[in-house]
Amino acid sequence: MPLEIATALLPVFFVMALGFAAGKTRLVDNQNVRSLNTIVMSIALPISLFVVLSSASRADVVAHWPLAAISLFVMAAGYGATYLLSRRTARQDAGDSAVQALTVSFPNAAAVGIPLAGSVLGPTGMLGVATVLAVGSITMSPLTVAVLEIRKSASAAGPRSRTILRAIGASLRKPIVIGPVLGLVWSLAGLPLPPLVNATLSEIGAVTAGLALFLTGLVISAQPIRFSTVAVISTLIAVVGRPALAVAIVLAVGLTGPLAQETVLLLALPAGFVGLLLGLRYGSKPPAAGATVLFSSVLSVVTLPIVIAFLPAF
């Protein structure tokens, strides 16, 4: 078991550390990551989510509804708690608080979950990863974009209601939202994904995990890393609060087997980079966000092996 856990986790943290080292040594410019951000968030990840969801059977997709429901509840709880923490403790504005909340509540399924899916979660692992990513992309990400859009257009003329509607519309047009929605609709419609289309799209989707891991390390290397109350509590919410709440719900509803294992492991992943990357697009850099991603990633070196070791109990 220890060898299996090490085999699953070592590549994940190696590539993330590689991105961090490349940024710190200036081998790669860690101040201008817009192009890499676009590749991951607007091209590779949306396509990867579409392929995984659209190529899954309707029965498998429907069977994952408990994972989707629990993920939504746990993410929403983490989002709300972190948002209030940022607003009241750090006195951050709504935009920075939303970015911090997304960073904490949306687990790093794209970078860490995808590599773990095949080695730990079994045959439906990738569908579980896609489900968590789809839930976060369709709910938490648009909510954050809407808050950032409202802040961006706060000085614009016109009724506030129109500003809010424009912000929501802008958030729902993002590729990271469109990709999983199209994949979900395709699967539920019972349409087979042509093998040629699958093979063509899988080429770009295959780079998602490695590139996302490298980009995570690169982005962290450019962030000011400071211990603060918000950073420490946010880290604990991500690597202790999220999985603890997930375990409590799984036990309460009597969920067992592979679906329970997917739920617990994926919600135990460290804080994600999606919040950081969305924030960069709007000039939002909450001081605790980078520290939260780094601290939770380091702490997950200890917590993830513990979670993986206990998965057979579910």
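Biologist: How many aromatic pairs are there by the ring-centre rule?
Modeller: This is a predicted model. Rings of Phe, Tyr and Trp pair if their centres lie within 6.5 Å. By this rule, the count of aromatic pairs is two.

Biologist: Which kind of aromatic pair do Phe-50 and Trp-186 form?
Modeller: A pair of aromatic rings is described by the distance of the centres and the angle of the planes. For Phe-50 and Trp-186 the centres are 6.0 Å apart and the planes make 85°. An angle over 60 degrees has its own name, so this pair is edge-to-face.

Biologist: How many residues apart are Phe-50 and Trp-186?
Modeller: Phe-50 is in helix 2, residues 34-55. Trp-186 is in helix 9, residues 175-188. The pair links distant parts of the chain, and the separation is 136 residues.

Biologist: Is Phe-50 buried or exposed?
Modeller: Buried means under 20% relative accessible area. Phe-50 has 14%, so Phe-50 is buried.

Biologist: Which kind of aromatic pair do Phe-227 and Phe-295 form?
Modeller: Their ring centres are 4.8 Å apart, with 20° between the planes. Planes under 30 degrees apart meet the cut-off, so the pair is stacked.

Biologist: Where in the chain is Phe-295?
Modeller: Phe-227 is in the loop between helix 11 (208-221) and helix 12 (229-253). Phe-295 is 68 residues from Phe-227, and this pair also links distant parts of the chain. The element that holds Phe-295, residues 287-310, is helix 15.

Biologist: Does Phe-227 count as buried or exposed?
Modeller: Phe-295 has 15% relative accessibility and counts as buried. The cut-off for exposed is over 50%. Phe-227 has 70%, so Phe-227 counts as exposed.

Biologist: Which helix gives the most to the nonpolar patch?
Modeller: The patch is on the surface, has about 840 Å² of accessible area together, and includes Phe-227, Val-232 and Val-302. Helix 12 and helix 15 are the elements that give two or more residues to it. Val-302 is in helix 15. With five residues, the helix that gives the most is helix 15.

Biologist: What radius of gyration does the protein have?
Modeller: The protein has 15 helices and zero strands. For 314 residues the globule rule gives 20 Å, and the protein is close to that, so it is as compact as a globular protein of that length. Its C-alpha trace spans about 50 × 45 × 40 Å along the principal axes. The radius of gyration is 18 Å.

Biologist: What percentage of the contacts with a separation of 6 or more comes from residues 24 or more positions apart?
Modeller: Of the 314 residues, 51% count as buried. Among contacts with a separation of 6 or more, the share from residues 24 or more positions apart is 86%.

Biologist: What is the relative accessible area of Thr-263?
Modeller: Thr-263 is in helix 13, residues 257-266. Beyond its neighbours within four places in sequence, Thr-263 is in contact with Leu-67, Ile-70, Ala-246, Val-250 and Leu-255. Thr-263 is buried, and its relative accessible area is 0%.

Biologist: How many Å apart in space are Ser-57 and Ser-187?
Modeller: Ser-57 is in the loop between helix 2 and helix 3 (58-63). At 35% relative accessibility, Ser-57 counts as partly exposed. In sequence Ser-57 and Ser-187 are 130 residues apart, whereas in space their C-alpha to C-alpha distance is 6.3 Å.

Conventions: Residues numbered from 1 in each chain as written. Predicted model: local features only at pLDDT ≥ 70, side-chain atom pairs only at ≥ 80, totals over all residues. Heavy atoms only, no water. Helix = DSSP H or I, 4+ residues; strand = E, 2+ residues; numbered from the N terminus. Buried < 20%, exposed > 50% of the residue type's maximum accessible area, 1.4 Å probe, protein only. Patch = residues over 30% accessible without salt bridge, like charges linked within 9 Å, V, L, I, M, F, W, Y side chains within 5 Å. Areas by Shrake-Rupley, 256 points an atom, 1.4 Å probe, with all protein chains shown as cover. Salt bridge = Lys/Arg side-chain N within 4 Å of Asp/Glu carboxyl O. Rg over C-alpha atoms; globule rule 2.2 N^0.38 Å. Contact = heavy atoms within 4.5 Å.
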